[in-house]
Amino acid sequence: MPSSRTAQAFTLTLRCAERPGIVHAVTTFLLTHGCDITEHQQFDDLPGASLYLRTAFLSEGATTAEALAAAFAPIADDYGMDFRITDSRSPRILVMVSRLSHCLNDLIYRWRAGNLGGELVAVVSNHEDLRPMAEAAGLPYVHVPVSATTKPEAEARLFALIDEYSADLVVLARYMQVLSDDACAALAGRAINIHHSFLPGFKGAKPYHQAFDRGVKLIGATAHYVTPDLDEGPIIEQEVLRIDHSYTPDRLATAGRDAEAMVLSRAVRWHCEQRVLLGGHGTVVFT
């Protein structure tokens, strides 16, 4: 068994059609390569006839995720697996914000506490409001104004910044601009958005005032992957809070923003830990 003090940590995730022998093939591969499984989860999607699997393991040898993936590829081909092997390096996260600070503040707190799962590397915004918060945390803050006529240039700048900071994940932490279809496609599976769960019911300005006017008794938040279908990407995490008639619009907004921050940080951490597997229009999340 590899020593946890010297071994390298890796994670294998995969999705494929359900058939006998898949888990045996995975565990046999890891055994023959001298690896020790530290965590294993799987989900058999019976209606979809698919298997989802996440296996974390340690390897004593001087190897890399790329080398392990190359060795595993023939097995993956035999079973028609869509798979990925990653090492323990923390994903690099670029955060996009506008004027609301609650989600950025929470991400910074969890990053500094060491439990976000990834490394914040920069903050990009279409406003200057949150510069003091980002720079107080030692994060570069890049102001990229956006208008209807400058959106192509702004998105080109965004992708240049993603490259400059080698960002693995883009987090829209209440970024109040709609990305183009091309940008969404380019960021498929590596951009997470957060919004209040009133959508699509209460669109536009002041959703909590709209909810108050309608006497809503449940509020919440949804974190999902960004797709060209606005706010309809594969859902990673949601939270629901029960409220009552005594909640004013301001109190509703406070509770809703707490939910948004909590849901977004969970989604980011699970993504960074390779716990989220995409499947069609949904996700399988191994928590």
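I began with the domain layout and found that the centres of domain 1 and domain 2, taken over C-alpha atoms, are separated by 31 Å. The protein chain is divided into domain 1 (8-86) and domain 2 (92-285), with bounds that come from an automatic or database domain assignment. I note that this is a predicted model, in which local features need pLDDT of at least 70 and side-chain atom pairs count only at pLDDT 80 or more, while totals for chains, interfaces and linings use all residues. Residues are numbered from 1 along each chain as its sequence is written, and side-chain values use heavy atoms, with hydrogens and water left out.

I then looked up the interface, where 12 residues of domain 1 are in contact (heavy atoms within 4.5 Å) with eight residues of domain 2. The two domains bury about 750 Å² between them, 54% of it on carbon and sulfur atoms; buried area is the accessible area (1.4 Å probe) that two parts lose on being put together, summed over both. Thr13, Tyr52 and Arg54 supply 53% of the area that domain 1 buries against domain 2, more than any other three residues.

Next I followed strand S6 (residues 119-125), of whose seven residues six are buried, meaning under 20% relative accessible area, where over 50% is exposed and the range in between is partly exposed (1.4 Å probe, protein chains only). Helices (H or I, at least four residues) and strands (E, at least two) are DSSP runs, numbered from the N terminus, and two strands pair if DSSP finds at least two bridges between them. Strand S5 (residues 92-97) runs parallel to S6 and is joined to it by six bridges, with leucine 94 opposite alanine 122. Between S5 and S6 the chain passes through helix H3 (residues 102-113) in a right-handed β-α-β crossover, that is, clockwise from the first strand over the helix to the second with the strands pointing away from the viewer. S6 also runs parallel to strand S7 (residues 141-143), through three bridges, and S6, helix H4 (residues 131-136) and S7 make a right-handed β-α-β unit.

In the loop between H4 and S7 I checked alanine 137, which is buried at a relative accessible area of 12%. Leaving aside neighbours within four places in sequence, alanine 137 is in contact with Ile108, Trp111 and Arg112.

Last, I looked up Asp231, which the UniProt annotation "active site" (unreviewed entry) covers; such annotations may be inferred rather than shown by experiment. Aspartate 231 lies in the loop between strand S10 (218-225) and strand S11 (235-242), and is partly exposed because its relative accessible area is 25%.
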